[in-house]
Amino acid sequence: MKKYSLITFLLIWVATHCANAQEKILQFVTGQEINVGTLSEDDEASAYRFVFHNSSKRSIKLTKVTTTCGCTAAQFTQKELNPGEKGEIVLTYHPDGHPGKLYTRAFVYTDQSSSTPVAELVLTGIVTPSKKQWRNFPYKMGDLRLRRKVVHFTEAGPEGIAAERLTCINSGNNPLTVTAMKILLPDYVTVTVEPEVIPAGMEANIFIKVNKHLMPQGLKYPLKFPVILEGISSTPSERTVTVSIENGF
């Protein structure tokens, strides 16, 4: 009789612990995967809600939600949830810079399981490439495009030299040889382009250097002057970079 009682006890113990091990803590009303459809890199960030309720028999609290991509941010209900109480997790996806197949995951942790996630959420879809091919180079000078057209110098280095770099790109179909109109440059300013010949579709750097030791006395600050680029098919005003030397230089 004792033998059967022991066996019965063991069976109940195993069944109870297996049930607890398989207990689903979070029950998602919306499911755990959302297909966002087709997005564009040009779209704004979109938020997707996952609603769940505490399906366990004890109070729980979400502690963190980690994602597999920096393009996805997570927010979640912070308060303690009683059995049956609802909460939500919001995944915000940023498509810019992520063309192609969308597949990002998020892992949910609670105070009952700090090292192992209790649920996995998934966003799927397609992100089409941006239609703004040169969106990072908004300033157009013929086939040359720049990220900025104004350069500020605030202080010189230990040797009296200050340098600024302008990143540009050749958006045309032919190589460009870009130089600066030297006749308008002050004697204390030099402008170089690397590489000297910019292949079609390639980036380059325009370096503008100011030598404080060559600057004449009595200049009034802030000081502004134009750097007109040559080798580009556009008007002088369109291919002008403005240089500003600030007070205290």
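Biologist: In which strand is T167 found? Please start there and show me what surrounds that spot.

Modeller: Happy to! Keep in mind that this is a predicted model. T167 is found in strand 12, which covers residues 161–170.

T167 has a relative accessibility of 14%, and because buried means under 20%, T167 counts as buried. Its side chain makes a polar contact with the side chain of N205, at 3.4 Å. N205 is also among the residues that T167 touches, leaving aside those up to four places away in sequence; the others are F137, R145, L146, R147, E203 and A204.

Now slide along to N170, which lies in strand 12 as well. N170 is buried, with a relative accessible area of 0%. The side chain of N170 reaches the backbone nitrogen of G172 at 2.9 Å. Beyond its neighbours up to four places away in sequence, N170 touches W134, D143, P175, L176, I198, P199, A200, G201 and M202.

Five strands form an open sheet in the order 9-10-12-17-15, with antiparallel pairing. From one strand to the next, the twist averages 30 degrees. At one end of the order, three bridges join strand 9 to strand 10, and these two run antiparallel. M141 has L144, in strand 10, as its bridge partner.

Leaving out residues up to four places away in sequence, L144 touches Y139, C168, I169, L176, V178, I198, L229 and I232. L144 and I208 are the residues with the most contacts inside the largest nonpolar core, which has 31 residues. In soluble globular proteins, nonpolar side chains tend to be buried together. The model also has a second, separate core of 25 residues, including I25, F28, I34 and Y93.

For contrast, here is a residue from another strand. E120 lies in strand 8, residues 119–128. With a relative accessibility of 30%, E120 counts as partly exposed. Setting aside residues up to four places away in sequence, E120 touches Q32, Y103, R105, A106 and F107. E120 and V65 are 55 residues apart in sequence and 9.4 Å apart in space, C-alpha to C-alpha.

Finally, step back to the whole protein chain. There are one helix and 19 strands in it. Of its 249 residues, 36% are buried. Among contacts with a separation of 6 or more, 65% are between residues 24 or more positions apart. The C-alpha atoms fill a box of roughly 110 × 40 × 30 Å along the principal axes. The radius of gyration of the protein chain is 31 Å, whereas a compact globule of 249 residues would have one near 18 Å.

Technical notes. Residues numbered from 1 in each chain as written. Predicted model: local features only at pLDDT ≥ 70, side-chain atom pairs only at ≥ 80, totals over all residues. Heavy atoms only, no water. Core = buried A, V, L, I, M, F, W, Y, C linked by side-chain atoms within 4.5 Å. Buried < 20%, exposed > 50% of the residue type's maximum accessible area, 1.4 Å probe, protein only. Helix = DSSP H or I, 4+ residues; strand = E, 2+ residues; numbered from the N terminus. Contact = heavy atoms within 4.5 Å. Polar contact = N/O pair within 3.5 Å; in protein donor to acceptor, adjacent residues only side chain to side chain. Pairing = 2+ DSSP bridges. Axes fitted to C-alpha atoms, helices over the stretch in contact; angles between N-to-C directions. Rg over C-alpha atoms; globule rule 2.2 N^0.38 Å.
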